[in-house]
Amino acid sequence: MKEYRILPDCEMQEQKEYIEKVRAYNENLVLESGSKRYAFVQTFGCQQNEADSEKIAGMCQAMGYEICHEPALADIIMVNTCAVREHAEKRALSIIGQYKHLKAAKPDMLIGVCGCMVTQEHRKDTIKHSYPYVDFVLGTSSLHRLPQLIFDKMKKGKRLYCPEEKEYLVAEGLPIYRESSYRAWVSIMYGCNNFCTYCIVPYVRGRERSRRPEDIIAEVRDLVEKGYKDITLLGQNVNSYGKDAKGGEIYDFADLLSDIDKIEGDYYIRFMTSHPKDASKKLIDVIASSKHIAHQFHLPMQSGSDKVLKEMNRHYDRAKYLDTVDYMREKIPDITISSDIIVGFPGESEEDFCGTIEMLERVRFDMTYSFIYSPRKDTPAAAMECQIPDDIKGERFNRLLEVQNAIALEKNKPLEGKIIKVLCDGPSKNDESVYSGRTEGNKIVLFDGNESDIGKFVSLKITRAETFALYGEKI
Ligand code: 5AD
Ligand code: SF4
């Protein structure tokens, strides 16, 4: 098995030197042409990818590129891909396909593809053979090598495929370009050891490795001092944080949360994602007695059938899941609970599916993120017999949504008339005439805001509750 280690300062220093070399190169080009150099980073997939993209953009900025949101303007385009479902891969490949025309119009433009999709060998080959205008490819383990890769590409000109690292690394101190000035991601660990049978993540992100508590706490403290209000701690399985420590007493996720909570300020801490097998009472007690940890828990259930959970290699059953939820509600009565559900896992019978519906009705999640099972190459579930036909998967998915939507509406209705604290994000993406924000439980609220509310907590009276959003007015 590959070892893991924190990248030593000397290796980080090497990358910093590449950053400086590319920066000097870009500065020369700016002097010659009189126009700025731009980088565009496109992200697919989960919050971990969003966080990685902020590091990619941070490195690009340090190398002398301005970050832009318009691919046609860019001198470098980085596509950060996802592999968790086939749909995400298809979308990324289609976008990379569209960039061919941009590159034809601007031959000096660099196009790099990184992230989970191209950490799989067969997808590296797809890019190699079918997308010849892509300049370089780097997998998740070598993100910190971006400056070196860009420098080599500029010098040598030929296409580059960064080999995967021999070890799993934790790279500290990469520059970060944060998209928001009040919401932030903080990765606390990387990788996953769980090997759920449907999931590609352990194959593309390696084994669990936790950052040092002092590095995480310093990053959160700095964000709070800069005025960040909503900070999400990220990891594929945050509640196994610290369990990879070699020897000595384990400093676990609950210990980390309780130390972060001591940081003074007006902010929320959230975290995702948690695994039900590791959601301990100690963790729930820490949240219950904390000052800053949002009363919100994302606890992917995936299925409500014990048989399917076993086939998924999830290491909990319905009873254990319900015990955890009941304990959360006992200790934190106003907690918002959300979940991920997979429909149509191989061998899922009508009875198994009804078990999932039954659990939705028993637990009454505030929200769920539901997915149709997508076979992933080389995962055990993809080779299982009894793959479920698409029409049955689709039909079950719709039934699940119908049940969950009714529950979500019933959960939201009692909020009508209540006064709620909301962090304002700005004009709503769907309707610019109203402002949008999120509650402590991460529910969307639309209200009569203005520009000065952006990035601030506002108090709202909820006037109407719908399935996917609440409506409020300022008081
Ligand atoms: N097919 C469908 N959904 C999947 N997920 C992970 N792998 C797959 C797959 N192969 C879902 C799980 C996970 C979420 C991030 O994506 O529900 O919690
Ligand atoms: Fe995938 Fe399971 Fe790990 Fe989550 S816990 S990333 S679903 S293997």
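Predicted model: local features only at pLDDT ≥ 70, side-chain atom pairs only at ≥ 80, totals over all residues.
I started with ligand 2: by class, its shell holds seven nonpolar, three polar and one charged residues. (Ala, Val, Leu, Ile, Met, Phe, Trp, Tyr, Cys and Pro count as nonpolar, Asp, Glu, Lys and Arg as charged, and the others, Gly among them, as polar.) Among the residues around ligand 2 I noted Cys-192, Tyr-198, His-275 and Arg-314; being near takes a heavy atom within 4 Å.

Residues are numbered from 1 along each chain, chains are lettered from A and ligands numbered from 1 as written, and side-chain values use heavy atoms, without hydrogens and water.

Next, aromatic pairs. I searched the whole structure and got 10 of them. (Rings of Phe, Tyr and Trp, the last by its six-membered ring, pair if their centres lie within 6.5 Å; planes under 30 degrees apart are stacked, over 60 edge-to-face, the rest tilted.)

Tyr-18 and Phe-151 make a tilted pair, 5.6 Å centre to centre with 50° between the planes. Tyr-18 is buried at 15% relative accessible area, and Phe-151 is buried at 17%. (Buried is under 20%, exposed over 50%, partly exposed in between, with a 1.4 Å probe and protein chains only.)

Which kind of pair do Tyr-198 and Phe-345 form? Their centres are 6.4 Å apart and their planes at 85°, so I wrote down edge-to-face. Tyr-198 is buried at 10%, and Phe-345 is buried at 0%. With Tyr-373, Tyr-198 and Phe-345 form one aromatic cluster.
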